[in-house]
Amino acid sequence: MITFSIATLSVMIFYSAIIAVNVHKTLDKDNAGKLLRVLFPSYFLTTAILSLIALIFSIIEKSFISTILLFLILLGSVVSRQYLVPKINAERDLQISGNTSSKKNFAKLHTLSVSINLLQIIILIILIINNLG
């Protein structure tokens, strides 16, 4: 369980701190957006798969708290990939086409997505520290 929890955290930190930041630094706004539309569904799928494997191991190990926490990580990844990413992309498309209210909706959804991701990272750090100690 701990190995896959660490792998999940590693992927999350790498994507959030390295990929997303450097895409925005390197590419213009349009191309950065196009690339992130491809990368982030894969990112959330990867974190969902890794957290699912960790969750299965936590169930096998009968670690009740870890099971609950890893279920929350899995849930956050699935909700982000299946619900938030399509909504964020739709709002961004509306914003590009001139819809003024979509800018506010995009910002809210993006903030929610980032908040979920940050919460997942914090939960994983706590879970890993508690299981290593």
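This is a predicted model: local features need pLDDT of at least 70, side-chain atom pairs count only at pLDDT 80 or more; totals for chains, interfaces and linings use all residues.
Biologist: What is the phi of Lys 62?

Modeller: Most residues other than glycine have a negative phi. Here Lys 62 has a positive phi, near 55 degrees, and its place is in the loop between helix 2 (29-60) and helix 3 (64-96), where helices are DSSP runs of H or I with at least four residues, numbered from the N terminus.

Biologist: Is Lys 62 buried or exposed?

Modeller: Buried means under 20% relative accessible area, exposed over 50% and partly exposed in between, with a 1.4 Å probe and protein chains only. Lys 62, at 74% relative accessibility, counts as exposed.

Biologist: How many aromatic pairs are found in the whole structure?

Modeller: Rings of Phe, Tyr and Trp (its six-membered ring) pair if their centres lie within 6.5 Å, and planes under 30 degrees apart count as stacked, over 60 as edge-to-face and the rest as tilted. The search finds 7 aromatic pairs, including the stacked pair of Phe 4 and Phe 57, with 5.8 Å centre to centre and 10 degrees between the planes. Phe 4 lies in helix 1 and Phe 57 in helix 2, so this pair ties together parts that are 53 residues apart in sequence.

Definitions and conventions: Residues are numbered from 1 along each chain as its sequence is written. Side-chain values use heavy atoms; hydrogens and water are left out. Helices (H or I, at least four residues) and strands (E, at least two) are DSSP runs, numbered from the N terminus.
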